[in-house]
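Subject: Structure handover

Dear colleague,

Here is the structure I said I would pass on.

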Amino acid sequence: MQNLMNVTDLSKAEITELIATAEDIIANPDKYADCCRRKKLATLFFEPSTRTRLSFEAAMLELGGSVLGFSEAASSSAAKGESVADTVRVVGCYADIIAMRHPKEGAPVVAARTAGVPVINAGDGGHNHPTQTLADLLTIWRERHTFENLTIGLCGDLKFGRTVHSLVQAMARYHGVKFVFISPEELRMPRYILTDTLEPAGIPYEEVRSMEEAMPKLDVLYMTRVQKERFFNEADYIRLKDTYILTPDKLETAKSDLVIMHPLPRVNEISVAVDQDPRAHYFDQVKNGKYMRMALILKMLEVRV
Ligand code: CP
């Protein structure tokens, strides 16, 4: 696989293979400690990040490789007007693989044309975030041991939330999955996800406003942040930002084995009191993200262990 732009660039068999590798890394970390020696990962982050950038860097370091890159466009020559195509063409002379985040949808596709080395989309605007989905899939797998016959609730900013777009595209490929989209009218799931992914395959979904009504039927509840950085109008952000706040009382009607997820960062949408609930798995997603990124780097660099 040359590049990872979208989670559907990976087949279901490849997802299974990445999960198996991640599980083996968790069980036998020493086996992998030196397998990317002399390999370099460049992290080109034109937009802020804590988890994605640092977990990619931790992943490469734990594989025995090295990392270089930048964490904001202002500290790169993008600030002087250099194009994405030229930036990655240059970085491809220094690194063996590139993970890139950019505020513009589709920028990683442009990068992949000139990089000369594999490019991973580490989040492009409000579009896709395939490696967050890899973290999410390992988390669901470790809790439920299946991807089939699950009812998945996605709550909050479904319009701009790139993590939910990628997760729906990944989970829609498994038998018996149903989706409940919980959002205010202004932040509904984009039409293209419904018309291009769900409706042609006859995958059941419903769009609702009330988290409380949806709660009893859910196997997975995926909370998301209302993304201030994607709004044109601050008044709209302020009006919508606290539409959904998950608190312990709202979980009283939930299943005992509900998997509560969030890609993080959170702002107000999950009360810290929920962190003590054994069903809360959002910090597991953080750990799982590093292992799946390790597995992905090995696959894309064709490193055999
Ligand atoms: N989940 C996620 O993408 O977090 P960061 O923005 O901190 O990378």
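The shell around the ligand takes at least three residues from domain 1 (7-127 + 286-300) and at least three from domain 2 (130-283). Please keep in mind that this is a predicted model.

The residues surrounding the ligand are Ser49, Thr50, Arg51, Thr52, Arg101, His129, Gln132, Pro263 and Leu264. Sorted by class, five of the shell residues are polar, two are charged and two are nonpolar. As for location, the ligand sits in the largest pocket.

- Thr50 has a backbone N or O atom 2.8 Å from an oxygen atom of the ligand.
- His129 has a side-chain N or O atom that is also 2.8 Å from an oxygen atom of the ligand.
- Leu264 has a polar backbone atom 2.9 Å from a nitrogen atom of the ligand.

On its own, the ligand has 260 Å² of accessible area, and the protein covers 91% of that.

Then the cysteines. How many disulfides does a search of the whole structure find? The search finds zero. For Cys35, the closest cysteine sulfur is that of Cys36, at 4.8 Å, which is too far for a bond. For Cys36, the closest cysteine sulfur is in turn that of Cys35. A disulfide would need the two sulfur atoms within 2.5 Å, so the 4.8 Å between Cys35 and Cys36 rules that pair out.

Regards

Technical notes
Residues numbered from 1 in each chain as written. Predicted model: local features only at pLDDT ≥ 70, side-chain atom pairs only at ≥ 80, totals over all residues. Heavy atoms only, no water. Near = heavy atom within 4 Å. Polar contact = N/O pair within 3.5 Å; in protein donor to acceptor, adjacent residues only side chain to side chain. Areas by Shrake-Rupley, 256 points an atom, 1.4 Å probe, with all protein chains shown as cover. 1 Å grid on protein atoms, 1.4 Å probe; cavity = no way out; pocket = protein on both sides within 12 Å on 5 of 7 lines; lining within 4 Å. Sits in = over half its atoms within 2 Å of the grid points. Nonpolar A, V, L, I, M, F, W, Y, C, P; charged D, E, K, R; others polar. Domains from an automatic or database assignment.
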